[in-house]
Amino acid sequence: MKLENVAVLGVGQVRFGVHRAKSALELARDAGLLALADAGLDLRGVGEAFVGYIQPAPMVGIKAMKELGLTGLPVTHVENASATGLVAFREAAHAVASGRAPVALALGFDKMSEMARGGQGGRGIGRDSIDSVILPAAYFALWAMRRMHERGTKPEHFAKIAAKNWNHGALCPVADRQADHRVTPEEVLASAKIAEPLTAMMACPADDGAACAILATPEWVRKLHPGRPLVRVLASALQTETYTPGHTFVGPVVGPSTMSRDTANEAYRDAGLGPEDVDLALCHDAFANEELEYYELLGFCPEGEGEKLLEAGETALGGRIPFNTDGGLIARGHPGGPTGLAMVHEVVHQLRGEAGDRQVEGARTALAHLVGGGSVCTVNLFEGVS
Amino acid sequence: MTESPPRRRVPIEPGFFTIPDDPAEPPRLLGSRCRACGEHFFPRREVCARCLARGCDDVLLGPRGALHTWTWVHVPFFGRKSADGGAGYGVGQVDLPEGPRIQAVLSGAQRDFAIGMPMALELETVRETPEGDAVVIHRFRPSV
């Protein structure tokens with residue numbers, strides 16, 4: 001459905017990275033307070049909250065919300081693997097669109113660094129199960145190897161994408177990885193190998209972090225912030241896989257690529273837009289080869305021409321359709337639950353014209369895409385109105 | 001001198017593959033075939049994912065297929081400290097003639113693999129239980 005009546009009132013993000021000194025709840029509180037301050041509210045002004053986190057402990061979302069206050073508001077936990085933050089955002093957008101809550105909050109947080117170390121026993125990690133024996137990196141590498149076989153793609157293409165995102169991240173104050181030098185594709189290729197053809201610098205870090213977005217009706221946002229460009233939410237599509245012969249059921253990390261194409265088409269249809277209208281895009285670049293695929297699947301170039309788009313520099317800052325302007329999962333980081341809300345944070349800064357050195361000139365329309373667990377995809381479209 | 005009894009082989013997780021009594025015999029995958037439309041699935045399921053009919057027959061799938069794609073993993077296997085002593089291991093997707101695409105660990109060296117090559121199913125010991133049983137998982141190897 002087209003979202004007619006939803007805009008972003010405020011955003012907040014804790015810089016992603018390894019936060020040993022802070023608990024997940026403290027990170028969540030900090031992101032929530034930043035978003036409330038940006039919105040010009042305290043929790044009494046929020047009608048409903050959706051909290052996204054991947055870590056398996058029950059009720060953690062409700063506990064995180066208590067750090068912001070106890071006002072009796074309805075709180076719901078959302079979990080859709082890597083897509084969690086954008087799916088919590090989608091629920092908040094629909095709560096506002098339906099009139100159920102004039103102001104709704106989406107909060108995401110996680111401590112992936114602890115899950116990666118096994119401290120919190122992330123689902124399937126380190127356990128004996130048929131699903132857990134193969135690392136996520138391997139699944140994405142399988143996709144990369146198949147593309148190299150079919151299209152003649154080179155590891156240098158993936159390295160160029162990764163270097164671009166590292167260099168975008170260096171311009172983003174809330175990115176985890178802020179390199180002190182210009183990262184080159186050669187440096188990316190020379191980093192430690194993870195799974196052929198992927199290297200460590202082509203992969204996202206296991207981060208800690210939190211991010212928050214507060215949504216409201218455009219009237220309410222204008223009333224509270226009359227001088228500020230309005231960021232409207234035009235569409236928020238969510239799909240799961242559709243069955244095709246040969247579907248892989250065990251270890252679903254990548255999922256069928258058609259899922260991203262179908263979900264993007266739904267979002268474009270809902271918003272009454274096409275890829276030619278989009279000024280910047282954020283996508284699930286947990287591994288660099290994914291971004292190349294999404295150039296095509298999100299409609300920014302014909303199938304098989306992703307390499308051309310990349311080689312022409314069109315997906316870097318200054319190009320026709322800059323991808324992952326805040327560094328993406330590779331450099332901004334990927335803590336899990338908050339990742340999608342960090343995307344909203346970046347989109348809002350870009351569409352308000354507040355993105356500093358990484359500002360996309362004249363940005364009006366932005367797209368945010370995530371996949372989760374190879375089984376879900378969400379595509380969201382935003383428009384800035386001055 | 002007494003011979004030690006053969007180790008019992010137990011699956012890493014039940015319900016996915018057979019463990020033949022004769023170690024020379026290849027394992028099979030535990031799959032399903034839809035009674036209504038004939039589509040095959042791995043692992044077993046009750047509702048057909050293609051036509052949504054209820055009721056699938058249990059079938060054995062494999063043990064042969066073709067390599068759709070593969071990679072060589074340089075970082076540790078889950079639950080192990082090193083990737084087979086630091087050399088790494090293969091992971092691939094194998095298309096079975098019945099239809100399903102199976103993701104699994106591969107046995108063999110990095111230079112052994114090529115997309116499209118024939119593959120055969122086997123069992124690999126992942127670790128030993130405290131009782132001395134061998135915990136096994138299915139994997140594919142290039143078949144000649």
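Let's start inside chain B: seven of the nine residues of strand 9 (residues 134-142) are buried, so strand 9 of chain B is largely enclosed by the rest of the structure. Here buried means under 20% relative accessible area, exposed means over 50%, and partly exposed lies in between (1.4 Å probe, protein chains only). Helices (H or I, at least four residues) and strands (E, at least two) are DSSP runs, numbered from the N terminus.

A word on what you are looking at: this is a predicted model, in which local features need pLDDT of at least 70 and side-chain atom pairs count only at pLDDT 80 or more, while totals for chains, interfaces and linings use all residues. Residues are numbered from 1 along each chain as its sequence is written, chains are lettered from A and ligands numbered from 1 in the order in which they are written, and side-chain values use heavy atoms, with hydrogens and water left out.

Back to strand 9 of chain B and its neighbours. Two strands are said to pair if DSSP finds at least two bridges between them. Strand 1 (residues 9-11) of chain B runs parallel to strand 9 of chain B, joined by three bridges, and B:V10 has B:V135 as its bridge partner there. Strand 7 (residues 101-106) of chain B is also parallel to strand 9, through two bridges; in this pairing, look for B:L106 opposite B:F140. Strand 8 (residues 118-128) of chain B pairs with strand 9 in the antiparallel sense, over nine bridges. B:R127 stands opposite B:V135 in strand 9 of chain B. Strands 8 and 9 of chain B form a hairpin with five residues between them, and B:G132 in that turn has a positive phi of about 95°.

Three of its strands form an open sheet in the order 3-2-4, with antiparallel pairing. Strand 3 (40-41) and strand 4 of chain B are at the edges, each with a single partner strand, so one side of each has no neighbour in the sheet. Strand 2 (residues 29-34) of chain B is joined to strand 4 by six bridges and runs antiparallel to it; B:L30 has B:L60 as its bridge partner in strand 4. In a regular strand, side chains alternate between the two faces of the sheet. If you follow chain B on to the loop between strand 4 (56-61) and strand 5 (64-73), you will find B:P63. The peptide bond from B:G62 to B:P63 is cis, with omega near 5°.

Now for chain A, which has 13 helices and 11 strands. A compact globule of 386 residues would have a radius of gyration near 21 Å, and the 19 Å of chain A agrees with that; the radius is taken over C-alpha atoms, and the globule rule is 2.2 Å times the number of residues to the power 0.38. Along the principal axes, the C-alpha atoms of chain A fill a box of roughly 55 × 45 × 45 Å. Of the 386 residues in chain A, 62% are buried. Contact means heavy atoms within 4.5 Å, and among contacts in chain A between residues at least 6 apart in sequence, 78% join residues at least 24 apart.

A:V96 gives you a close-up of such packing. A:V96 is found in helix 3 of chain A and is buried, with a relative accessible area of 2%. Leaving aside residues up to four places away in sequence, A:V96 touches several residues, including A:N5, A:V6, A:L215 and A:T217. A:V96 and A:G47 are 49 residues apart in sequence and 9.1 Å apart in space, C-alpha to C-alpha.

Finally, some backbone details. Most residues other than glycine have a negative phi, and most peptide bonds are trans. A:A81, in the loop between strand 3 (75-78) and helix 3 (84-97) of chain A, has a positive phi of about 50° although it is not a glycine. A:A81 counts as buried, at 16% relative accessibility. A:N324 lies in the loop between helix 11 (306-311) and helix 12 (328-331) of chain A; its phi is near 55°, a positive value in a residue other than glycine. A:N324 counts as buried, at 0% relative accessibility. A cis peptide bond joins A:E196 and A:P197, with omega of about 0°, and A:P197 sits in the loop between strand 5 (193-195) and strand 6 (198-199) of chain A.
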